[in-house]
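Colleague: Can we go through the charged pairs in this one? I have the file open.
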Amino acid sequence: MIQTFFLPGRVCSTKAIRDIAAQAMAPYTMICLKPHIEWVYLGQERMVQVMEMTHATMVYADHFNKLTITGEGVSVMESPVIDYQIGALRDDFDFGSVLLWDTAKLKELVAQMDTDYEFAGLYDLRLRAVTGYGLSVTGEPLVHIPEYLYYEIEEDTRKSGEKLFDYVDPRNRAVQIEMEACVTAHLQRIGAYLKPGVYQALPEAGEFPVTASVIIPCKNRARTIADAIRSALNQKVRAPYSFNVIVVDDNSTDGTAQIIEELMNDANDANGANSKLIYIPQDKTWHAIGGNWNVAIHDPRCGKYAIQLDSDDTYFDETTVQKFIDAFEAGLEPEQAIHSARYGMVIGTYQLTNMAGETLPPGVIDHKEWTDTNGRNNALRINGLGAPRGFYVPLLRTINYPTTKYGEDYAVGLRISRDWPIGRIYDVLYNCRRWEDNSDANCDIVAMNRNNWYKDRLRTFELLARIQSTIGNW
């Protein structure tokens, strides 16, 4: 009933997928991405049973990871996966290492594969299994079985924070180019592709007290907040431009607020005039990072451009704010710049460092996978658009941040990319400092799944909006 094939990982050629489809003769085809699978009693039978109940194109399941720890033997850990949704477009979606396909539907899909990929073969196959509204081309969609049905050997023992930047590692560039081509073709098939250069007009600027505001949301960052604020206050801008720094503290309990207040006394005039550092303490309701940003950008003291600085990071040098201003106004006459901007959002380049400022691998993250012609389509595949981020505030005030502590920046970036242009700066502007208290430094599987599910959900919302926006444009 089941015929099993081995693929050495999710990155594989179209030829490898075609070979499997050609050799598959049993009703069900099992593709294993790791060589050593041990089954829970009746685990395979359960996968077949769910396949028959749902008429799925493919089913996948939760599993256990076996990890050999030197001197301690073998550790067994639960490794749940998440439900697939139409916005799960990232090429690193974790199905586990066992994929059970309905052979007839597999062959049907493979027959439609009209591009020969070296790396994106499996990615192409599973994208073709699901249409824009989540209904399979050949039956039911990809079905997750929330039961632990097998054991696999875990070979990648890095912490979550060390895996976070794999998709932008320059060594993986050839793979990323193919994955982008594959997802772009998928978006064209389902009517969610956005044509290059088609944008809405940006809103007019109006009056602002300063040109730019550095926004620093924080909570319990006593160890790092002073470095971040000093980095922002040390910025230099040319006349007639001006800037301030807005710090929003979300009810810190570790002394962060006291540090901010001390820095305010040093930075501002005794009478409160010419206040370059602005402190906004939050009330006790739920805000998270997104809510803190909303408070800052709607504050009347906020500038025309809002520039991000996380509370545990620093700017690369004193020119970051000016480079953002220049990018927003590139190509505009002074009178035009008064009333609007060239971009709705500008994204810079950062480098990974430790707390001592030493560069960490993979080093500079420039997100050169972004292009003016296809960046906003490829944005649905990757897990982030880069940093630091700057925003045209008149536009951002119409969009706002989601009130969440993870993925809020990605949500805003996706929304802006749909209708307004995004600029890029490829100079290093920012030090992304990795330390043990980073929110993504070492997430457990539950937290990783929650984060990945949420970003997939953001992509689902955006995908549906794009399908609606392109209706009638074909």
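Modeller: Start with Arg433, which counts as buried because its relative accessibility is 7% (buried is under 20% relative accessible area, exposed over 50%, partly exposed in between, with a 1.4 Å probe and protein chains only). This is a predicted model, where local features need pLDDT of at least 70, side-chain atom pairs count only at pLDDT 80 or more, and totals for chains, interfaces and linings use all residues. Residues are numbered from 1 along each chain as its sequence is written, and side-chain values use heavy atoms, with hydrogens and water left out.

Colleague: What does Arg433 form a salt bridge with?

Modeller: Asp227, with the closest N and O atoms 3.3 Å apart. A salt bridge here is a side-chain nitrogen of Lys or Arg within 4 Å of a carboxyl oxygen of Asp or Glu. The pair links distant parts of the chain, 206 residues apart: Arg433 is in strand E16 and Asp227 in helix H7. Helices (H or I, at least four residues) and strands (E, at least two) are DSSP runs, numbered from the N terminus.

Colleague: Is Asp227 buried or partly exposed?

Modeller: Partly exposed, at 34% relative accessibility.

Colleague: Different topic. How many salt bridges does the structure hold?

Modeller: It holds 22. One of them joins Asp456 and Arg459 at 2.9 Å, N to O. These two are 3 residues apart in helix H15, so about one helical turn separates them.

Colleague: Which residues are linked with Asp456 and Arg459 in a network?

Modeller: Arg90 and Asp92, through salt bridges. Asp456 counts as buried, at 0% relative accessibility, and Arg459 is also at 0% and buried.
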